[in-house]
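Please look through the sequence and the model before reading on.

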Amino acid sequence: MNRRPLRKSIVPVILASAVLMTAGLLIRPARAEDKPDFSRWEKEIAAFERQDQEKPPPKNAILFVGSSSIRLWKLSKSFPSLDVINRGFGGSRIADSVHFAPRLVLKHEPRTVVLYAGDNDLASGKTPEQVAADFQAFVEVIHKGLPKTRIVFLSIKPSIQRWKLWDKAQKANELIEASCKKDELVQYVDVTKAMLGTDGMPRQELFAKDGLHLNERGYEIWASILKPHLK
């Protein structure tokens, strides 16, 4: 049986592909979340530790941890009658809070931990299932050291800038909410309904100019939703 010879232009491509496959170079490139670089946060974590030495936070307080939505929150204004500690670091993902939990959370022995993170995770390429798994890892590390501490998860918010990820965010929220229902010390608090308008889109008046972070009005809504869960 006669076979038509491969065109000359195709042969080098096939040979090159074979070489790359042999070298393992056609495997999916590792993403940042596959091998997270926790060292990039060392400067910020060290700054928190200096604050702790200069003015130790109270024990049995309410500690907020997570990404920039936590870091930018003026907690003393939102919760003036409560002992609150802010340990948010911008750009972080849930896995970062898991890694630094001993230095950021456990040593303060809070009665309640409020976590907001997840949208950076999805934006970096993580799946909803991975985000939910990271949340479960966070719960496990907190309860291993502080078995009686309550954990409150603020749902991943809908935002203007990351609206294309909203379907994934909803899935992650559903998975996390389901896991919270299995533990009486873990609570899921939904902020999404209050942040969507009648058209089903994010309410622009709640966001800063970047369309991602909250403005003062946005934080007022978050505080009003969260307060009943902190009593």
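1. A crossing of two helices is called left-handed if the near helix is turned anticlockwise from the far one by less than a right angle, and right-handed if clockwise. Helices (H or I, at least four residues) and strands (E, at least two) are DSSP runs, numbered from the N terminus. With these terms, H8 passes H9 in a right-handed crossing.

2. The model is a predicted one, in which local features need pLDDT of at least 70 and side-chain atom pairs count only at pLDDT 80 or more, while totals for chains, interfaces and linings use all residues. Residues are numbered from 1 along each chain as its sequence is written, and side-chain values use heavy atoms, with hydrogens and water left out.

3. Helix H8 (residues 128–145) and helix H9 (residues 166–180) pack with their axes 8 Å apart and at an angle of about 35°, where axes are lines fitted to C-alpha atoms, for helices over the stretch in contact, and angles run from 0 to 180 degrees between N-to-C directions.

4. The open sheet has five strands in the order S2-S1-S3-S4-S5, with parallel pairing; two strands pair if DSSP finds at least two bridges between them. Its edge strands, S2 (84–88) and S5 (186–189), each pair on one side only.

5. Strand S1 (residues 62–66) runs parallel to strand S3 (residues 112–116), and five bridges join the two. Within this pair, phenylalanine 64 stands opposite valine 114 in S3.
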